[in-house]
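Please read these notes with the model open beside you. They are numbered so that you can check them point by point.

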Amino acid sequence: MGNTSSMLTQYDIEEVQSHCQDLFEQQEILSLYQRFCQLDRNAKGFISSDEFLSVPEFAMNPLSLRLLKMVDGLNFKDFVAFLSAFSAKASLKQKVKLIFQVYDSDCNGKVSFKDIMEVLRDLSGSFMSDEQRERVLSQVLKEAGYTNDSFLTLEDFIKVFGSCKPEMDVEIPVD
Amino acid sequence: MSSTAGKLVTSRSELELDHPNIEDYLPSGSSINEPRGKLRLRDLLDISPTLTEAAGAIVDDSFTRCFKSNPPEPWNWNIYLFPLWCCGVVVRYCLLFPLRCITLAFGWIIFLSAFIPLHSLLKGQDRLRKKIERVLVEMICSFFVASWTGVVRYHGPRPSIRPKQVYVANHTSMIDFIVLEQMTAFAVIMQKHPGWVGLLQSTILESVGCIWFNRSEAKDREIVARKLRDHVLGTDNNPLLIFPEGTCVNNNYTVMFKKGAFELDCTVCPIAIKYNKIFVDAFWNSRKQSFTMHLLQLMTSWAVVCEVWYLEPQTIRPGETAIEFAERVRGMISHRAGLKKVPWDGYLKYSRPSSKHSERKQQSFAESILARLEDK
């Protein structure tokens, strides 16, 4: 626990690196491994929900439960692959794809009105009523040329985001 | 506190009342940035700020950093350093450790043979008995410190026995108490521990006047507050030592101080303790080690080196709340001992943050959306 590069060989690092499409440097992967071992208290090989939620900054996040579904039980390789969307080198498509996956909770490749409403509900809580949320969403959907019954695909998402990359970069601290 | 060990439960009132605005401390760009203009589909779909905060917390967060014990850097990687290191291990385990055990045993024999008869014989003469017990407790603590080859440097005026004063210090391990106790017999407020430590607590520490609390009892807080107040007002009681962090932190950071010690309407005397990590890491990670293992680790290292600073007594300023007072004292202690301050409540080790924080973020998001809707 907490043992660092002695546990990861050069081959391991390169394997993880190619799995995340080279979006992280080798030093960053080592730091992430240290962090993974720190969060994974009994060296099970994955981080449980409880262990994620023991990080107060994460537990306070309105989208924590949604993200938990995506990261719970991931092994280290997939953990790095998940975080790779937050690398500064990630492309617009990769970042938007992660956002899409957060919305598409049933993983059927389509985001419906209901899916967006659920995320909106997580984000605004009790400070907006359901009808206010519906009103806002219907309005912006109409303006963008969709209806309440439309299903948005990843391509639609990419089109909506246009050429402006979402600001979604996390720096990995490297000692 | 409505948390029970092993099961994490969101506990509301206690945590909220205890600390100032976390938002003032956290390095967030605000959860939702403030763009202007007409609301578009993209703005609604763009959850990237929230996602980035969550990912940032997964990658590194200031709370976990407080409880990280760094394993010592191995330096024995060489052909000539390795035998040196082996000699060191032999000296430490086969020479120093037995010597230290003997010293400690010797100290205990003296202590018990004086303490037990004293306790029964001088039952009537409380003042004399207390005086001698104080000396004895200081003595056994000195033996403990000697058993780790403790090198402790004290700076500042020694604590005195006066009413209406309370001592507060940062907390790294239970040995903080022993290090401070060898200079002055303090009365402490502690969590009741199981095992041989609990036995010590109920017998010997009772004599210096200790107060017990139980983290998992909800109503405990009021009872303890009352006991604290009674103790401080008594003229003959030993000076009271409180560790307001409420939990052991790794001596690089300080977590938020609980305001209980600062509401007692008396002078607060801060004490800063800093351990020198070159010799041994004195942080007791209670999740990883039992106290016995921790002591054994200390007894098989070269030395425990630390500095203790007794700082200037502080009183609450007019118009200052207890929380602001606590933060001011925390600032003094952190500055003296070279520790970084973090805005977290130490009890988050045992329970989840209250939903108030996520609700605040939700509120600012909702308000910005509704405001931009009006913009049309």
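1. How many of the 175 residues of chain A, in percent, count as buried? The share is 50%, where buried means under 20% relative accessible area, exposed means over 50%, and partly exposed lies in between (1.4 Å probe, protein chains only). The model is a predicted one, in which local features need pLDDT of at least 70 and side-chain atom pairs count only at pLDDT 80 or more, while totals for chains, interfaces and linings use all residues. Residues are numbered from 1 along each chain as its sequence is written, chains are lettered from A and ligands numbered from 1 in the order in which they are written, and side-chain values use heavy atoms, with hydrogens and water left out.

2. Chain A has 10 helices and zero strands; helices (H or I, at least four residues) and strands (E, at least two) are DSSP runs, numbered from the N terminus. Along the principal axes, its C-alpha atoms fill a box of roughly 55 × 35 × 25 Å. Of the contacts in chain A with a separation of 6 or more, 62% are between residues 24 or more positions apart; a contact means heavy atoms within 4.5 Å.

3. Over all chains there are 22 salt bridges, each a side-chain nitrogen of Lys or Arg within 4 Å of a carboxyl oxygen of Asp or Glu. One of them joins Glu25(A) to Lys89(A), with the closest N and O atoms 3.3 Å apart. Glu25(A) sits in the loop between α1 (10-19) and α2 (26-39) of chain A, and Lys89(A) in the loop between α6 (76-83) and α7 (92-103), so the pair ties together parts that are 64 residues apart in sequence. Glu25(A) is partly exposed at 43% relative accessibility, and Lys89(A) is partly exposed at 48%.

4. In chain B, Lys259(B) and Glu263(B) form a salt bridge at 3.5 Å, N to O. Here Lys259(B) is buried at 15%, and Glu263(B) is partly exposed at 37%. Back in chain A, a network of salt bridges links Arg66(A), Lys114(A), Glu118(A) and Asp122(A).

5. Now the interface. Chain A brings 59 residues to the contact and chain B brings 45. The area buried between them is about 4,800 Å², with 72% of it from carbon and sulfur atoms; buried area is the accessible area (1.4 Å probe) that two parts lose on being put together, summed over both. Glu57(A), Met60(A) and Phe127(A) supply 16% of the area that chain A buries against chain B, more than any other three residues.

6. Two salt bridges run between chain A and chain B. Arg352(B) and Asp50(A) meet in a salt bridge at 2.5 Å, N to O. On the side of chain A that touches chain B, α9 (130-143) is among the helices that supply at least two residues each. With eight residues, α9(A) gives the most to that side. The residues there divide into 40 nonpolar, seven polar and 12 charged; Ala, Val, Leu, Ile, Met, Phe, Trp, Tyr, Cys and Pro count as nonpolar, Asp, Glu, Lys and Arg as charged, and the others, Gly among them, as polar.

7. Look next at Gln362(B), in helix α12 (residues 356-374) of chain B. Gln362(B) is buried, at 13%. Neighbours within four places in sequence aside, Gln362(B) is in contact with residues including Pro62(A), Arg121(A), Asp122(A) and Phe127(A).

8. Is strand β2 (residues 165-169) of chain B enclosed or open, and why? Five of its five residues are buried, so β2(B) is largely enclosed by the rest of the structure. Gln165(B), Tyr167(B) and Ala169(B) are buried on one side, and Val166(B) and Val168(B) on the other. Two strands pair if DSSP finds at least two bridges between them. Five bridges join β2(B) to the parallel strand β7 (residues 267-275), and three join β2(B) to the parallel strand β5 (residues 240-242). Tyr167(B) has Cys269(B) as its bridge partner in β7(B) and stands opposite Leu241(B) in β5(B).
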